[in-house]
Amino acid sequence: MSRWQALADEDARWGEAGRTATLWWRDDDAVDVGEPLDRLLAIARDTATPLALAVVPARATSALASRLAGEAGVDVLQHGYAHTNHAVAPEKKIEIGLQRPAMLTLGELGTGWMALEQRFGSQALAVMVPPWNRIAPVLVPTLPEIGYRGLSTFGPRPRVHPVRGLLQVNTHVDLIDWKGGRRFAGEETVVDALVASLSRARAGDGEPVGVLSHHLAMDAGAWDFLRSLWEITKTLENVRVLGARELFGAEVRGQGGRG
């Protein structure tokens with residue numbers, strides 16, 4: 001049985017249950033314009049798929065803001081501050097951790113949000129995407145205190161709201177095999193992960209399933225798969241693809257304007 005047929009079968013199971021699955025798409029590490037970004041935006045536009053772009057505030061250029069300004073269906077999320085690793089080996093890489101004073105880390109995040117809001121205006125949503133999908137648990141409760149309304153990491157979320165005032169919507173399916181040469185993980189692996197994630201969501205509370213791409217690290221196989229995925233998704237009767245703005249709600253919208 002083809003892997004795509006397995007996806008169609010899972011779609012049918014949602015229909016039999018009288019339910020609709022939710023997918024969403026997040027792409028990480030955006031900082032500037034270039035051919036990879038153009039290719040990413042072309043797929044989003046051609047397949048009419050909403051895209052959540054996680055942008056690194058300290059490195060984001062005005063050219064990136066100008067490029068995204070005319071792209072309908074693209075939301076900007078905050079990807080930490082500078083995507084700098086503060087861990088010491090053999091610790092796993094982390095930026096939003098306890099290696100430095102919490103006030104310094106939170107101050108950087110606040111500075112990053114102001115930069116995003118100024119540059120990207122209403123496209124920017126108050127959603128934190130920690131670099132490497134890691135954040136020290138003790139810092140999570142501070143996020144709504146400094147203005148964030150959403151959190152997005154990787155894997156099944158432990159709770160819909162980790163703390164009051166903070167909604168968590170994660171990604172679950174990564175196109176890249178980071179430990180196996182930083183290349184496309186392969187159609188079989190990725191589709192199997194997608195089907196498994198949808199099945200888990202169906203057995204649970206219907207958690208939105210997130211597809212994670214990295215436009216700066218993708219090879220030809222990953223690009224081809226990404227386009228195929230969103231084209232095939234359009235043929236599924238019981239799967240909807242939502243944008244970050246819809247998933248996280250109106251309260252996460254940036255309030256600033258382009259200046």
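In the predicted model described here, the side chain of glutamine 123 reaches the backbone oxygen of leucine 68 at 3.0 Å, a polar contact in the sense of a pair of N or O atoms within 3.5 Å, of which, within protein, one must be able to donate a hydrogen and the other to accept it, with residues adjacent in sequence counted only if both atoms are side-chain atoms. Glutamine 123 lies in the loop between H4 and S4, where helices (H or I, at least four residues) and strands (E, at least two) are DSSP runs numbered from the N terminus. With a relative accessible area of 9%, glutamine 123 is buried; buried denotes under 20% relative accessible area, exposed over 50%, and partly exposed the range in between (1.4 Å probe, protein chains only).

Residues are numbered from 1 along each chain as its sequence is written, and side-chain values use heavy atoms, with hydrogens and water left out. As this is a predicted model, local features need pLDDT of at least 70 and side-chain atom pairs count only at pLDDT 80 or more, whereas totals for chains, interfaces and linings use all residues. The mean pLDDT of the chain, pLDDT being the predictor's confidence in each residue from 0 to 100, is 95, and 96% of the residues reach 70 or more. Over residues 253–259, however, pLDDT stays under 50, and for this segment the model has 24 contacts beyond four places in sequence, a contact being heavy atoms within 4.5 Å. Where pLDDT is low, the predicted coordinates should not be read in detail.

Strand S2 (51–55) is largely enclosed by the rest of the structure, since five of its five residues are buried. Both of its faces are covered, with Leu51, Leu53 and Val55 buried on one side and Ala52 and Ala54 buried on the other. Strand S1 (residues 21–30) pairs with S2 in the parallel sense over three bridges, pairing being assigned if DSSP finds at least two bridges between two strands, and valine 55 of S2 is the bridge partner of alanine 30. Between S1 and S2 the chain passes through helix H2 (residues 35–46), and this β-α-β crossover is right-handed, that is, with the strands pointing away from the viewer, the path from the first strand over the helix to the second runs clockwise. S2 also pairs with S3 in the parallel sense, over five bridges, and leucine 77 of S3 is the bridge partner of alanine 54.

The buried residues of H4 are Thr105, Leu106, Glu108, Leu109, Gly112, Trp113, Leu116, Glu117 and Phe120. These buried residues pack against strand S2, helix H3 (62–69), strand S3 (74–78), strand S4 (124–128) and helix H5 (142–145). H4 is followed by glycine 121, the phi of which is positive, near 55°.

Histidine 79 is placed in the loop between S3 and H4 and, at 1% relative accessibility, counts as buried. A polar atom of the histidine 79 side chain lies 2.9 Å from the backbone oxygen of valine 129. The C-alpha atoms of histidine 79 and proline 130 are separated by 5.7 Å, although the two residues are 51 residues apart along the chain. Beyond four places in sequence, histidine 79 touches residues including Asp28, Asp29, Val55, Val129 and Pro131. Proline 90 is also found in the loop between S3 and H4, and the peptide bond to proline 90 from alanine 89 is cis, with omega near 10°.

Tryptophan 230, in helix H7 (residues 220–233), is buried at 0% relative accessibility. Not counting residues up to four places away in sequence, tryptophan 230 touches Leu23, Trp24, Trp25, Ile43, Thr47, Thr49, Val211 and Val241. The C-alpha atoms of tryptophan 230 and alanine 48, 182 residues apart along the chain, are separated by 8.5 Å. Alanine 48 is situated in the loop between H2 and S2, is exposed with a relative accessible area of 57%, and has a positive phi of about 55° although it is not a glycine. Asparagine 133, in the loop between S4 and H5, has a positive phi near 60° and counts as partly exposed at 23% relative accessibility.
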